[in-house]
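Work through these exercises with the sequence and the model open. Try each task before reading its solution.

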Amino acid sequence: MIRYAYIIPLLPLLSFFINIAVGKRLPRKGDWLCLGTIAIGLAMSIGIFYEVFRAYDPNFRYHVVFPWLTVGDRALLNTGILIDNVTAVMLLVVTIVSTLVHLFSIGYMHGDPKYNRFFAYLSIFSFSMLGLVLAESFLFIYIFWELVGLSSYLLIGFWFEKKSASDAGKKAFIVNRVGDFGFLIGILIIYATCGVLGYDQVFLAIGEGKLSGTLLTLAGIGVFCGAIGKSAQFPLHVWLPDAMEGPTPVSALIHAATMVAAGVYLVGRVYPMFTPDAFLFIACFGLITLFLTATIALAQNDIKKVLAYSTCSQLGYMIMGLGVGGYTAGLAHLTTHAAFKACLFLGSGSVIHAVHSQDIQEMGGLRKKMPITFVTFLIATLAISGVPGFSGFYSKDMILAAALEFGMKSANPLHMIFFVGALFTAGLTAFYMFRLVILTFFGAPKDHHKYDHAHESPASMWVPLVVLAGLSFSFWYSGWFGTLVQKPKSVANLAGISAPAKVATMEHAAVMAPAPHGEAVSAKEGALNASRGSAPETGEHGQAPPHGTSASGETPHAAVPAAHGESHEEASHLAHMAHSYAMYSSVAVGTLGIFLAFVVYTFGWINPDRVMNAVKPLHNFLQNKWYFDELYDATVINGSKAFARGLAWFDLHVVDGLVNLVAQLGVFVSFLVGKFDDYVVDGAVNGVASATIGGGSVLRRLQTGKLYHYVFVLAGGALVIFLIKAF
Amino acid sequence: MTLDKLLIIAAALFCCGLYTVMTRRSAVAVLMGVELILNATNINFVAFSFFLSRVMGGQIFAVFVIVLAAAEAAVALAIFLRMFATTGTVEVDVADEMKG
């Protein structure tokens, strides 16, 4: 089966071409074709996963390469397929979610005038994503990366008649391009130094020391920039919430399993090449994203916007998990998140389909009307909140453990911020997700007209929900995932950075790290600790908690590589300890968040409106998404507009002035040339003509027309010749 | 009979022909004058050939000239016929279309 893996992405490509060309004329507008091809892909992915699973080998690899572009007898660029455990899992995730989204769309998009085109776009999206997963070189992952960007543009802007939708499509595409540019630079650095692009070849070259030091860090950060764009990390997270303008199945497909996962997958794919500095960079961005977007999600009232920001936040978790060294944790969260977030999105689609509204303030009490949607949505919410027994608990717990371990091992107490921030945000996540569930499904209906209209969705819509909810339990993942997906050896470490130097650079980077945001987190965390006494672990460890240290960063903590002297045993003990602490604390915080949500929105012990009014500026700040859009409007967009206006002025006055000057010069010269032509050239021509006329009028008199005149001249001429000859 | 006497006869004949061409107004008469000129040259050809050359080039040339004169007369008379048809006369003074 694994030998035929290349067929998996090609099938959706085929159905794309067929459906875009003749889809309208096919029976049922060709939806069965797209669904069928992706279902075959799903079957093959299951087969591949089964083979991989039976081998049960952490180092399993299936790698085919053949030359794609050769110059002379040197293969310049290769193409091929790389399947290891991560790829097999990702293949399964992508095909499962994609298949279910196809199925869901049959019901959701029923009757849309562009039905066949929608399915064609879904197919090209699946093709791009599967190609991206299977790619074995930086070049091909970049190609598919861009294809994913293109197809997401098509899908987000699917209802392009709506201006907001077409704007959202453009925004997603352009913001992604910003990140992709960094990705391209990273690839160019790699190609310029190593001269190869295959993952294995590049890692080998880096291991040989062809690319090291700061340049390697830059290459890593460049590649990570791609992930920032695609996985919607701060500061490029702005596109993802807007992308909710697309049809809801698209939101599920793009924001749960495919496009946003691509960035995390990329980071996991090129994991060995990151330097400690690059890891710290990645972790910082993950932390900022997960906190920032979670706070925004607190104040949103659009069901899909809440989910969108929660997606951003969860992606932040993954990225931070990868950044702090939790390779397995990050990818596990990617996998589990794909299932429960797809379930949440499709569930929200089901709700929107039923009540024709996206505002949770208008919903309520829907659990009686839509029992299946309610139960599946609740299961997925429990999963994302990190309740034990559900998949989110399993993976988020690993991320928290990795962050705690990182913080404990690090000589810099500031690094505990990763754990503390993530833990606090875990509480926020539970709170806002349950706020969503309570407002949507519990309580009394707020809009009776909409409530009376609501009904359970058709089977093609709830079957995917049930399947995805089923996949949101942790027993599917625990055990084998940790065994099969293991952190690859870093090649960057071999590249000649000695351990103390590494610590020094990390310290340096920590000082350089964006501190202001850390302050905000720690300040709030401190407030929370003071008021509720949660997060006991910070006290227990006796490590300086972030809010203890002055946030101004006055003490850079000279590089003391003390923590690096510990033995391996100690490290594993530390990891174990970190894991159990993380587990207890995350359960505690998650429960607290859920409890708080019920307190506020069900029991009514705290009136949300009064709280809202009490912290009005903060609420406005959050509801307006930290004013990121306004910030970008003011800086990037208005900046480029002003720049464009400046260029227009330059064009109008300087460039056009030059052109006009040249033109006037030309006119003047032409005038002179014209006069010359009139008087000199034409004068010469006319002179010749009048000379000819004058000469002719004289000579014409010679021609009398009388025969004897001619004969006389003839004879006279002969006589003259005779006389000349004679004398 | 010597060469110079023959040349004198030919020259006299030539002058007669030339005179006829220059003075007569009738085209046919002009044609006859041309015939005289041609025959004057014929005499010269034959005379020079007889007295000064061992080959018969002059005599043969004279035969050519006779043939030429016949052809010329035919063409010229055809022209005169056309001229008579258009103008009603064959007087050369009338045919001054080429007058400058």
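**Exercise 1. Describe how helix H2 of chain A packs against helix H4 of chain A.**

Step 1. Take H2(A), residues 31-55, and H4(A), residues 115-134. Their axes come within 9 Å and cross at roughly 20°. Axes are lines fitted to C-alpha atoms, for helices over the stretch in contact, and angles run from 0 to 180 degrees between N-to-C directions. Helices (H or I, at least four residues) and strands (E, at least two) are DSSP runs, numbered from the N terminus.

Step 2. The crossing angle makes H2(A) roughly parallel to H4(A) (angles under 35 degrees count as roughly parallel).

Step 3. List the contact residues. H2(A) brings A:Asp31, A:Cys34, A:Thr37, A:Ile38 and A:Gly41. H4(A) brings A:Phe119, A:Leu122, A:Ser123, A:Ser126 and A:Leu130. Two residues are in contact if their C-beta atoms, placed from the backbone, lie within 7 Å.

Step 4. Sort them by class: five are nonpolar, four polar and one charged. Here Ala, Val, Leu, Ile, Met, Phe, Trp, Tyr, Cys and Pro count as nonpolar, Asp, Glu, Lys and Arg as charged, and the others, Gly among them, as polar.

A note on the source: this is a predicted model, where local features need pLDDT of at least 70, side-chain atom pairs count only at pLDDT 80 or more, and totals for chains, interfaces and linings use all residues. Residues are numbered from 1 along each chain as its sequence is written, while chains are lettered from A and ligands numbered from 1 in the order in which they are written.

**Exercise 2. Check the span of H2(A), then find what covers its buried residues.**

Step 1. At 1.5 Å a residue, the 25 residues of H2(A) should span 36 Å. The expected span is 1.5 Å times one less than the number of residues. The end C-alpha atoms are 36 Å apart, so the two agree.

Step 2. Buried residues of H2(A) include A:Leu33, A:Leu35, A:Ile48, A:Phe49 and A:Val52. A residue is buried if 20 or more other C-beta atoms, placed from the backbone, lie within 10 Å of its own.

Step 3. The cover includes H1 (7-22), strand E2 (74-84), H3 (85-108) and H4 of chain A.

Step 4. Look just past the helix: A:Tyr56 takes a positive phi of about 50°.

**Exercise 3. Which helix of chain B gives the most to the side that touches chain A?**

Step 1. Chain B has three helices and zero strands.

Step 2. Count the contacts: 12 residues of chain B meet 12 residues of chain A.

Step 3. Helix H1 (residues 3-23) of chain B gives the most, with four residues.

How values were computed. Parallel < 35°, antiparallel > 145°, perpendicular 65-115°, else oblique. Buried ≥ 20, exposed ≤ 12 C-beta atoms within 10 Å, placed from the backbone.
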